[in-house]
Amino acid sequence: MTDQQTLEPPAPPEAPGPRSPRRSRGDGSHARNFSAGFVVKLILVALVDALGVYGILAALAVQSWGILAFLVLALVAVNWIYFSKRAVPGKYLIPGLLFLLVYQLFVMAYTGYVAFTNYGDGHNSTKADAVEAISIQNETRVEGSPTLPLTVVQRDGELGFAVVQDGDAEVGTAEEPFTAADDATVEGERVTAVPGWEVLGFAQIAEQQAAITELRVPFSDDPSEGSVRTQDGSTGYVYQSTLVYDEATDTFTDSATGETYTPSESGNFVSEDGDVLTPGWRVGVGLDNFTRVFTDSRLAGPFAQITVWTFAFAFLSVLTTFAVGLFLAIVFNDPRIRGRKVYRSLLILPYAFPGFLSALVWKGMLNERFGFVNEVLLGGADIGWLTSPWLAKLSILMVNLWLGFPYMFIVCTGALQAIPADTIEAAKIDGAGAWRIFRSMTLPLLMISVAPLLIASFAFNFNNFTLIYMLTGGGPNFVGTPVVVGHTDLLISMVYSVAFESGNKQYGLASALSILIFIVVGAISYVGFRRTRKLEEI
Amino acid sequence: MASTVVDRETPSTVVERDGAPRGRRWWIEIGWRHVVGIVTIVICIVPLVYVLSASLNPGGTLTGSNQLFRTIDLQNYRELFEGNYSSWFANSIVICTVTSIGTVLMGGAAAYAFSRFRFQGRQGGLTALLIVQMFPQMLAFVAIFLVLLSIGDVFPMLGLNSRLGLIAVYLGGALGVNTFLMYGFFNTVPRELDEAAKIDGATHAQIFWTIILRLVAPILAVVGLLSFIGTFGEFIIAKVVLQRPDEFTLAVGLYFWAADERNARWGLFAAGAVLAAIPVVLLFLALQRYIVSGLTAGSVKG
């Protein structure tokens, strides 16, 4: 190694001496070495830079400071690494690393953050957004306010209003508050034409009636200043929120009843009587999400059942697939059998067939009333394979056995063939029977190579969302739980249900459950790695 | 492939003819194994035959599909391409292809760096990757949804409802899963080769693109195809990210077809399933040996 390095020429051959003293060190300087590779690199980095600068500007516009900071750092890193001569390993690591950082490490950290908040429906955004939304939702027509002659206008499919206020024409849309339109044509008290906008006639207004009556054009970005709405497309009314937000005291006051709403710890404005204004905003709730699954009586029972079933499912799946796979591997581990190759190719078909499709096909076949299994194989039986709690569990294990035994068969066949024949032979000579050989020789030897795979398979089945979701959807469902979960749900499909399918989306609770899964999976993998001693291998 | 089959079978058949017991002993020692094999194969094949038969039954419902091969008609296959199916198919192929190419390039580059350079943080980096590998990306799907929601404000192309966004998510999982598999293989390529090239004046980039990548081509193919098959069957992230029917992958789209039990066009679903399975099954059978060795290295097919 060191010999080779000394053999290396001190400078690349294409550097024929310095032209100017300043450049004497820059032998391989890109300024004089426009190879094709360099051009490609330049173009690629330029593209990344362009995308990054666009992203920085866009992030600035929507005030996403986190994304902005990340983009700036990433751009600096990319440019430094690709144009520096020192960071050679970095040139190979950075593309994958950036993706890994955002889509794996960051999302995991973010799961951890969300788990400690009440993020979810009703608490989706920041407090400022909640204040704005509350103001807008509680707008009513201001009593006795003048009506405004109003014209409905349209530009690129976006609807807007043109009104005349104090003699000045103004145009605005849902997104853009009213601004003066000096070049508009005003006839009488009504705007009849605005350059760049199409004025809608009766027929067009009738066509888009629903959208027009829902349109709200604000006076300014501050929601408390109110807005203009219309019922008929020709007269506008001034709307103002009955709830007025006072920044100094951080409270909402109902202008009609005089009731005040103060911010609560759970991220809502609440009156003294306990009336809650929605939406609320995202706040940290500490360990609430974690303790809720244990303390909320309606949730604790199902959660405990699901946890037990998840472990049972993963364990039994590994056990059954391994038992059947090993059995078949032993059965076909006899060279005297004709057509072993054919058997083996056909036996792995269930494994080659995409798993999600198998689950869907089995779902159809196990259908209670029309399925192939009940109608044909059982001659018109009426068995609720997927609808009764225990049978559904059995069906899932059976389908997973069908899906998974070929993998174990392949693995065990390989492992069996690696067991030296003379060891077995020696045992035979010593008088060991077939069962004794299997128990004391074959199985322990097999386990050395197969055990890590069994652990990996356990971890995989622990999170086998696709199978459960496609086959039973978690059903049959528990009754009376605040989230839609059922007898066959795994922890991961419970997370999915809590986050997306239970009507009220609770990302915080879902993330807390994810963290619990993380811990289990991490522990399983750790045991697996300990066994394979991979950690020591590096 | 064919020649190896012959080579391997010939000696074993010889053994079989010489030492094969006959009559009752044949049944006790060998015959029952055939019985076990045939029963198992029937169990393996029935669902596959069933779905093939259902796909050939025009306008088939679940009930109508129970009588195997009652009619044989390609009507369902023709109808498939009138709906969204062709775009799902294209989406799946494009997403899986781009993901697997990206995975191979990024994983290969990272493995090259870890295998060929000695730099500060190398040991730490490898250990970190090993730890990251313990946690499948899909566990964080809620956070992935929320993060894409925010990214969408800045880059609509990479946000929710975007195939490009989905590819980016998949690429995020690339380094953690495959780098180790490749790292081991890269280490088996003798360093003398790249040192010789270095002496001849090759840059590190030339060594990577023209020497190393060519030498490790088999592992690149295996990782690429494993990633293709894995992405093809990936469901949960795709379902969370893609919400418009024309952007679905096959996994998401076919799920919706089969999930709707009352109105499901079972025949149509079956035809879609058969077509979707063909490329994967072919890839799988062709790669059987490599996939098995890849599996023993710790990755599990989804």
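User: How is chain A divided into domains, and where do the bounds come from?
Analyst: Chain A splits into domain 1 (33-114), domain 2 (128-277) and domain 3 (294-532). These bounds come from an automatic or database domain assignment. The centres of domain 2 and domain 3 of chain A, taken over C-alpha atoms, are 57 Å apart. This is a predicted model, in which local features need pLDDT of at least 70, side-chain atom pairs count only at pLDDT 80 or more, and totals for chains, interfaces and linings use all residues. Residues are numbered from 1 along each chain as its sequence is written, while chains are lettered from A and ligands numbered from 1 in the order in which they are written.

User: Why is Thr213(A) called partly exposed?
Analyst: Burial is a count of other C-beta atoms, placed from the backbone, within 10 Å of the residue's own: 20 or more is buried, 12 or fewer is exposed, in between is partly exposed. Thr213(A) has 13, so the residue falls in the middle class.

User: Where does Thr213(A) sit, and which residues is Thr213(A) in contact with?
Analyst: Thr213(A) belongs to helix α7 (residues 209-214) of chain A. Here a helix is a DSSP run of H or I with at least four residues, a strand is a run of E with at least two, and both are numbered from the N terminus. Contact means C-beta atoms, placed from the backbone, within 7 Å. Setting aside neighbours within four places in sequence, Thr213(A) contacts Thr230(A) and Gln231(A). Phe409(A) is 196 residues from Thr213(A) in sequence and 66 Å away in space, C-alpha to C-alpha.

User: What makes β12-β13-β14-β15-β16 of chain A an open sheet, and which are the edge strands?
Analyst: Five strands pair in that order, antiparallel. The edge strands β12 (243-246) and β16 (276-277) of chain A each pair on one side only.

User: How do you know that β12(A) and β13 of chain A pair?
Analyst: Pairing requires at least two DSSP bridges between two strands. β12(A) and strand β13 (residues 251-254) of chain A have four bridges, in the antiparallel sense. Therefore the pair qualifies. One bridge joins Val244(A) to Thr253(A) in β13(A).

User: What makes the phi of Gln63(A) worth a note?
Analyst: Most residues other than glycine have a negative phi. Gln63(A) is not a glycine, yet its phi is positive, about 60 degrees. Gln63(A) lies in the loop between α2 (36-62) and α3 (65-83) of chain A. Gln63(A) has 9 C-beta neighbours inside 10 Å and therefore counts as exposed.

User: What does the secondary structure of chain B come to?
Analyst: Chain B has 14 helices and zero strands. Of its 302 residues, 45% are buried. Among its contacts between residues at least 6 apart in sequence, 70% join residues at least 24 apart.

User: How do the "transmembrane region" features of chain B compare with the model?
Analyst: The unreviewed UniProt entry places them at residues 32-52, 88-114, 126-152, 164-186, 207-229 and 266-287 of chain B. Such annotations may be inferred rather than shown by experiment; positions use the numbering here, and feature names are shortened. Residues 164-186 of chain B are 96% helix and 0% strand, with end C-alpha atoms 30 Å apart. Residues 126-152 of chain B are 74% helix and 0% strand, with ends 32 Å apart by C-alpha.

User: Which residues touch the most other members of the largest nonpolar core?
Analyst: A nonpolar core joins buried Ala, Val, Leu, Ile, Met, Phe, Trp, Tyr and Cys residues through C-beta atoms within 7 Å. The largest holds 176 residues; Leu360(A), Val495(A), Leu513(A), Ile144(B), Leu254(B) and Ala273(B) touch the most other members. Helix α14 (residues 389-418) of chain A gives the largest share, 13 residues. Beyond neighbours within four places in sequence, Val495(A) contacts Ala510(A), Leu513(A), Ser514(A) and Val142(B).

User: How many residues does each chain bring to the contact?
Analyst: Chain B brings 87 residues and chain A brings 89. On the chain B side, helix α2 (residues 23-55) of chain B supplies the largest share, twelve residues.

Terms used. Two residues are in contact if their C-beta atoms, placed from the backbone, lie within 7 Å.
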